[in-house]
Amino acid sequence: MITKPHIEIRNLNTFYEHQQPALVNVNLTIPRNQVTVIMGPSGCGKTTLLKTFNRFLELTDGTRIAGEVLIDGVNIYDPDQDVTEIRKKTGLLAQRPYMLPMSIYENVAYGLRIHGIKRGRELDLAVRHYLEIAGLWDEVKDRLHAPATRLSIGQQQRVCLARGLAVEPEILLGDEPTSALDPISAAHIEARLLELKKDYTIVVVTHTLRQAKRLADYVIFMYMGEVVEAGHARQVFEDPQQERTRGYLSGQF
Amino acid sequence: MVRSWHFKPRHVAETVAKFFMLLSFLIVAASLLSILWTVLSRGLPALSWEMISQTPKGGYYLGKEGGILNAIIGSLLLAGGGTLVALVISLPIALFLETYVMKTRWARYVRLTLDILWGIPSIVYGAFAFTLMLAMGLRASMLGGIIVLALLEIPIMTRAMDEVIRLMPEELSQASLAVGASKLETAIRVTVRQMLPGIVTATLLAFGRGIGDAASVLYTAGYTDRIPTSLSSPTASLPLAIYFQLGTPYPEVQQRAYASALVLTLIVLIVSLGSRLVSARLGRFINR
C-alpha cells in the first residue's frame, strides 16, 4: 500500500464526444516523490489518464469527466479550483517539445513572468538555475537570447523541462517524453527524471516496456480504458497478478 | 538500364494537366506584367515632382498646373486610418474564434457572416455608410471614409488572420497553458507572436483593398482639392483622382491619371515590402 499518496483518483470516468468511454472506473493512488509509470498498448487510455491530472482533457471539445482527482487531498475538478493554479502545480513534458516563439531565456522565464514571481536579477538567476537542473546550461549559456527554435529537438525537450520546473510545480507529468528524441537525448531526459524524483512526484506515460523498467518505482498497467494492475515496480514486473499484465509483459500485445 | 517510353494514359493526363497549369500561370504573370507596363509606360512620362508635391491649382483638370498631393495624403490617411480601426477590431475577433469557440457552431456562424460581408460589393458599403451618415447628420468627411473603409476591411482582415491562426499547432498553446497561463495570456503572448507574419499579411491585404477602393469613399469621404485638416474635412483619394482625371477629354490630364495610378501602385508596393521586412525580422523566433 502507498503510505503518502500525492494524487488520488476516485471513480474516474471520461467520455469523448460520440465515442465509447475512454476511462472506466479508474481508482488509483500515486505515491509522492517516486516515478510512477503508466504503461499499456496504444489507445488504452494512458494519455487520457495523464491529461486528467492537469485538466488538459477539457481542452478537447465535447469531453465529459465524472469522478474525482485529488491532489494533496483537494479535488481539482471542484468548481472553486483555479485551473491555472492546478496547471502551475503540474509541469508537463509533451511528446514533442514545442518552443514558445521567443528566445531560450524567455521560454524559461515565461511562466515566472506570467505568475509575476520574479523579475530582474532574480529572474536571471532563476533561468540559470532551472537550465542547470535541466542539464542544458553549459550548452546554451552563450546564446540565451537566440531563438529557442534553433536548438536541436533533444535540447528543446530540456528547455521544456526547465520551463516547466521554473514555476515550481510539485508534480511532473511526462507524456511519452522521449518518443520523438534520439537515444542519447532520451537517455539525458531519463537521467534528469531519476534525479528529480527526490523533489517531485513524477508520472510518465510510456509505451516502451524497457523504459518503464528503467524508470519505474510504481507501475500502472492499463488496457481498454481500465486499470488492470497497479503496484510497486518490482512486484508488477516480477510477479504480475493479472493474466493481461502477464500477457503484456511477455510481449503478446 | 534501357529507358523506354511506353504509352500510358496516366502519363498523357499528367502532361496535359501540367501544360494547363503552366498556361494558367502564364496568363496570370502576363496580366500582372501588362498592368505594370501600362501604368509605367503611360504614367512615368507624366510623373513629375510637381505632381506629387502640389495640390491641384485652378484649371488643373483642364490641363493647367498642379498635382495630386491632396489625393496622396488623403488616401494614406483614409486607408491608414481604416486599416488601423479594422486591425483593432479584427485581431480580437480572430483570437476569440481561435481561443474560445474554435470548432463550435457559433464559430461557424461568425465565419459565415464574415464571408458574406467579404463578398458584398464596395459600392453597397458606400451606399450603406452614406445613409447612416445622413441619419447621423454627418457630411462627407475623413471620418466617414475611415469608417466605411474599416467596415470594408474587417471581413478580409479577420478571415485572413483566422486562416493563419488555425494553422497554429494546438500543442504550442498547450505549452503555454501547461505552465499555468490563462487562455487570454496565451493568445496575447504566444498566438499573436507566432502568427505575426500572418497578421502582417492579413493587414496588408486589407490595406491594399482599402487604399484601392473608389466606390466606397465616393459619397463618404467626398472629394476636394485641398489637403484635409481635420476628421470632418472632406478628403480626396487616389482612386477617385484617377477616375476624375481619366474622365476628362484632355489627353494630358488622362496621362496624369496613369501617373496617379503609378503612385498608388508604388505606395502599395512600398508598404508591402516594408512590412514584410519588419515581419521577417520579428519572425525569427517562431516555429516553422
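Keep in mind that the model is predicted.

Chain A to begin with. Its secondary structure comes to 10 helices and 10 strands. The chain has 253 residues, and a compact globule with that count would have a radius of gyration near 18 Å. Chain A has 18 Å, so the two agree. The C-alpha trace spans about 55 × 40 × 35 Å along the principal axes of chain A.

What share of chain A counts as buried? The figure is 45% of the 253 residues. Now contacts. Take those in chain A with a separation of 6 or more: 68% of them come from residues 24 or more positions apart.

On to chain B. I want to look at helix H6, residues 142-166, and helix H9, residues 196-211. Their axes lie 8 Å apart. The packing angle is about 155 degrees. Over 145 counts as roughly antiparallel, and H6(B) and H9(B) are therefore roughly antiparallel to each other. The handedness of their crossing is right-handed.

Which residues meet there? From H6(B) we have Leu149(B), Leu152(B), Glu153(B), Ile156(B), Met157(B), Ala160(B), Met161(B) and Val164(B). They meet, in H9(B), Gly198(B), Ile199(B), Thr201(B), Ala202(B), Thr203(B), Leu205(B), Ala206(B), Arg209(B) and Gly210(B). By class, that contact between H6(B) and H9(B) has 11 nonpolar residues, 4 polar and 2 charged.

Terms used
Residues numbered from 1 in each chain as written. Chains lettered and ligands numbered in written order. Predicted model: local features only at pLDDT ≥ 70, side-chain atom pairs only at ≥ 80, totals over all residues. Axes fitted to C-alpha atoms, helices over the stretch in contact; angles between N-to-C directions. Helix = DSSP H or I, 4+ residues; strand = E, 2+ residues; numbered from the N terminus. Parallel < 35°, antiparallel > 145°, perpendicular 65-115°, else oblique. Left-handed = near helix turned anticlockwise from the far one by under 90°. Contact = placed C-beta atoms within 7 Å. Nonpolar A, V, L, I, M, F, W, Y, C, P; charged D, E, K, R; others polar. Rg over C-alpha atoms; globule rule 2.2 N^0.38 Å. Buried ≥ 20, exposed ≤ 12 C-beta atoms within 10 Å, placed from the backbone.
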